[in-house]
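Colleague: Please take one part of this model and go through it closely, with the geometry and the cut-offs behind each term. I would like a single connected account.

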Amino acid sequence: MRLTLLAALILFSPRLFAQELLVWEPSQASELRIILPMLPNETPNEAVENYLSSLKKDSDLSRLGLHHFWRARGKFRKLESTKNSRTQVLIQTNDGFEAGNVLDLTAKSRADAFVLPPAAGIRLTAKQREAFYNKLYDGMDMRMNLGGADVHPNHYGEEITHSKKTNFTRDKFEIELIQHWQKRNSEALGNGETGKPELGFCRGHQIMAVAGGHKMYQDISLDGVGKTSDHRSPEHHSGGQRWHHIYFSESLLRRLLGNKIVVLANSVHHQAVRVNTNARTKVVAFAADKIVEAMESPDKLTMGVQFHPELSVEATQNPGFTKIANGMIRGAIAWARLNRIRRPAPRCVDVF
């Protein structure tokens, strides 16, 4: 009887699912590390091909063009461990594999960045995905969600009215990981341990809000809560940015921005968070027209900003903003490092 129960636990416990992580190894010197799951009896090449094949078969994901992968410019290998003396940061992308200036900021913060491509767990069963997400949470110290297109309204119980360039399947997997990460954080805090921070920019802030129970105004002007032109430059299609002031209440985000109450921030969005007052994350910054510009959870682990703090000074053309905004990201990585240091060391039984 005991042996049967033990066998069942081994078979069905998601944390014991036999599964490995793969990491992309470019053929040229690069900080880029892409994470994908590899199932038992698969080679790294088979795992990658199966992922790409799944993308091509899905009507939503095939539109992203991710199957045009750099097979000739590098290779995947088994990731032996993500545990070392440097802080480990997981970066969720949504339109491709690139993470831009975030990789440079992570490297300057003495941290290692690992890029998770869209719908990385698409070919996995629900239990396999849970095991995959547990491996990501256990191996990383922090998670980031980058900017991109609008979140599909179906994920907050509405139909498309004004949303653009939506992708239901991509958002589904992204939301699933966010909620799993927050569940693990809640468990850690309940056990008296430190959690692992997560930070979102623009769309990243929005999808984290949706995952946490908030909704979206699909267009600021058309939904009658403000003027889109106040938040998005008419020349945005050619790289233009709108700039406006945002006003912070006391929060970790404000402290990471140099404890500034008022910040002149870049703005390239036409949607905004529609607040659910019962949700865990709370508003910590508004624009002058009361549009939500930043949110944070009481435990300081979930943070999102509507602006783009990750851009280089060449992109913003605003050295003052770039300095404090880039500093906010580096400060969040330092917050993750501090939580890691404060985390209890593994017990012998956990190691052996």
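Modeller: A crossing is called right-handed if the near helix is turned clockwise from the far one by less than a right angle, and left-handed if anticlockwise. By that rule α4 passes α5 in a right-handed crossing. The model is predicted, so local features need pLDDT of at least 70 and side-chain atom pairs pLDDT 80 or more, while totals for chains, interfaces and linings use all residues. Residues are numbered from 1 along each chain, and side-chain values use heavy atoms, without hydrogens or water.

Helix α4 covers residues 126–139 and helix α5 residues 168–190; both are DSSP runs (H or I, at least four residues), numbered from the N terminus. Their axes, lines fitted to C-alpha atoms over the stretch in contact, are 10 Å apart at an angle of about 60 degrees. The two helices are therefore oblique to each other, the class left over once angles under 35 (roughly parallel), over 145 (roughly antiparallel) and 65 to 115 degrees (roughly perpendicular) are taken out.

On the α4 side, the contact (heavy atoms within 4.5 Å) is made by R129, E130, Y133, N134, L136, Y137 and D138. They meet F173, E176, L177, H180, W181, K183, R184, N185 and A188 in α5. By class this gives 7 nonpolar, 3 polar and 6 charged residues, where Asp, Glu, Lys and Arg are charged, Ala, Val, Leu, Ile, Met, Phe, Trp, Tyr, Cys and Pro nonpolar, and the others polar.

The structure holds 4 aromatic pairs, that is, ring centres within 6.5 Å, with planes under 30 degrees apart called stacked, over 60 edge-to-face and the rest tilted. F132 and Y133 form a tilted pair, 6.0 Å centre to centre with 35 degrees between the planes. F132 has 0% relative accessibility and counts as buried (under 20%; exposed is over 50%), and Y133 is buried at 5%. The rings of Y137 and W181 have centres 4.8 Å apart and planes at 70 degrees, so this pair is edge-to-face. It links helix α4, through Y137, to helix α5, through W181, 44 residues apart. Both Y137 and W181 are buried.

Helix α5 also contains Q182, which is buried at 15% relative accessibility. Leaving out residues up to four places away in sequence, Q182 touches E198, R280 and T302. Its C-alpha lies 9.0 Å from that of G212, 30 residues away in sequence.

Notes
Axes fitted to C-alpha atoms, helices over the stretch in contact; angles between N-to-C directions. Buried < 20%, exposed > 50% of the residue type's maximum accessible area, 1.4 Å probe, protein only.
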